[in-house]
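User: I'm new to this one. Could you take me through a close look at the nonpolar core and what sits around it?

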Amino acid sequence: MASTTEHAIKWVKEVDKKRQKELKEHKSYRDSVVKRFAYKVSGNKDKFEERAAKEERDYFDALQDEHKAKEQEKNLKFLRETALVHRTELQGMMSRHNSAQHDLDTMYDAIFNGPTPEFPEEDSKEQAAKEALQAYHDAKVQAEGELEVIKTLGEVMRRMDEALNHIEDALGSSRMDMFGGGTIMEMMERSALHKAELAIEEARRLMKQARRQSKRQVTPLLPVHIASGSIMSDVVFDNIFTDMAFHDKIKASRDEVRRCRLDVECQLADARSRYQRQDQVVQEKAQLLEAGRAELQHARGLIFEAAAREQ
């Protein structure tokens, strides 16, 4: 509702701006003595009147659009305010209902909690409600675990993207190095590759965490080797051929990271599917829990009614 109202307000401003523009053009054209005289001299007086009439129609059309927009804005504001009032009332009713239900449950538990041999049906309903609560709790914990897996795998994806960005930086420096970039380009190249390696190491650590969270449903990170240089190749045998060879190694590293990232992306999709299935289980368990509690409350209510009739 808030976004709809904001849209209406924006529309009103745009329509009003258009109206002001049309009014300015209309007045400027209609009141221009020079233009009127020029049209009269040239024998185009009728053309002037026709264009002036068009400007006037455009202005009144814009005025009508503005009126419609303001009416819609007013209606939307009224609907929003009404909805907020109803929401407040419903929240108050819900709060009172929950409070009353809590008081009733507390009273029932104080009387019936635990074995009550004289009311075997109540004991049966109570045990069923406890089992339903435990089943709901177990399903909820598993669903929350899957959410943690999704969150961790999302962090792994971000580390993989960081590694790819650093490798692209290294490739850019490597290209410059092949064409005489010198020591500075080599240092930038090595720095970028080092950052990529750090990102991959962090991804490995997070992947192990995701495996623990998923109870081994997540598989380990695929092997990734980030290219690294040496003193011999960088200084002693540094030439266009060694630079080209190292450039190819960096590209090979990029391919490995891309394959690894794709595997993580697939595992993230699997984790999301598992969560969706588990969330459905949670909803089902919640319904069973609600039904079990209602049956228990009904059984306890019947006992109270029977006791009241005996008085």
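**A look at the core**

Analyst: The largest nonpolar core has 32 residues, and those with the most contacts inside it are Leu 153, Val 156, Met 160, Leu 221, Ile 226, Ile 250 and Val 257. By a nonpolar core I mean buried Ala, Val, Leu, Ile, Met, Phe, Trp, Tyr and Cys residues joined through side-chain atoms within 4.5 Å; buried is under 20% relative accessible area, exposed is over 50%, and partly exposed is in between (1.4 Å probe, protein chains only). Helices α4 (120-178), α5 (183-213) and α7 (240-310) each supply at least two of the core residues, with the largest share, eleven residues, coming from α4. Helices here are DSSP runs (H or I, at least four residues), numbered from the N terminus.

Keep in mind that this is a predicted model: local features need pLDDT of at least 70, side-chain atom pairs count only at pLDDT 80 or more, and totals for chains, interfaces and linings use all residues. Residues are numbered from 1 along each chain as its sequence is written, and side-chain values use heavy atoms, with hydrogens and water left out.

Now zoom in on Ile 226. Setting aside neighbours within four places in sequence, Ile 226 is in contact (heavy atoms within 4.5 Å) with Ile 167, Leu 193, Ala 196, Glu 197, Ile 200, Ser 253 and Val 257.

Arg 254 forms a salt bridge (Lys or Arg side-chain nitrogen within 4 Å of an Asp or Glu carboxyl oxygen) with Glu 168, at 3.1 Å between the closest N and O atoms. Arg 254 counts as buried at 15%, while Glu 168 is partly exposed at 33%.
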